[in-house]
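Let's take a friendly walk through one part of this protein. Have the sequence and the 3D view open as you read.

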Amino acid sequence: MSTLPPCPKCNFEYTYEDGGNYVCPECAHEWQPDAVGAEEGGAAGEKVYRDASGNVLQDGDTVTVIKDLKLKGSSKVVKMGTKVKNIRLVDSDHDIDCKIDGIGPMSLKSEFVRKA
C-alpha cells in the first residue's frame, strides 16, 4: 500500500511520485514533498488567491481585467483594462465575485485580473 499524501489541491488520494515531485493524476497538480503546508496558506490552512502577476488578493481589493472576456450567452464583452472595485473572494471554480458597471454581477477567475 502506498503511503504518499493525497493531493493538496483536490484531495485525490491516488497520487504518484515523479522524480522529486508528487503528481496528482486527477487535476495534474505537482508539488514538492516538503511544500504541502506552504501552498495551503500557512498554518491557518486558508487558501491564498493570487492574480496573474502573483500578487496576493484580498476581499475589497480593486483589480484590472488583463484581457477581453466574452460573456457566455450574451454579446457583451468585459474589455481589457476594466477596473473592478470591491471584489469578494469565493471558493469555487471562479475565484472572484464582483459587480461590473454596465454589466452587473458576475464571477471572474483570478488568472485574468491584476491587482490595481
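What follows covers a nonpolar core and the strands around it, as seen in a predicted model.

## The nonpolar core

The largest nonpolar core has 16 residues, and the members that touch the most others are V84, I96, C98 and L108. Three strands each supply at least two residues of this core: β4 (63-65), β9 (96-100) and β10 (104-108). Among the strands, β9 gives the most, with three residues. As background, nonpolar side chains in soluble globular proteins tend to be buried together.

Leaving out residues up to four places away in sequence, V84 touches D61, T62, V63 and V65, along with C98, K99, I100 and L108.

## The two faces of β9

Which residues of β9 lie on its covered face, and which on its uncovered one? I96, C98 and I100 are on the covered face, while D97 and K99 are on the uncovered face. In general, side chains in a regular strand alternate between the two faces of the sheet.

## The neighbours of β9

On one side of the pairing story is β8 (residues 88-89), which pairs with β9 in the antiparallel sense over two bridges. Here R88 stands opposite D97.

K99 has P105 in β10 as its bridge partner. The hairpin of β9 and β10 has three residues between the strands, and G102 takes a positive phi near 85° there.

Definitions and conventions: Residues are numbered from 1 along each chain as its sequence is written. This is a predicted model: local features need pLDDT of at least 70, side-chain atom pairs count only at pLDDT 80 or more; totals for chains, interfaces and linings use all residues. Side-chain values use heavy atoms; hydrogens and water are left out. A nonpolar core is a set of buried Ala, Val, Leu, Ile, Met, Phe, Trp, Tyr and Cys residues joined through side-chain atoms within 4.5 Å. Buried means under 20% relative accessible area, exposed over 50%, partly exposed in between (1.4 Å probe, protein chains only). Helices (H or I, at least four residues) and strands (E, at least two) are DSSP runs, numbered from the N terminus. Contact means heavy atoms within 4.5 Å. Two strands pair if DSSP finds at least two bridges between them.
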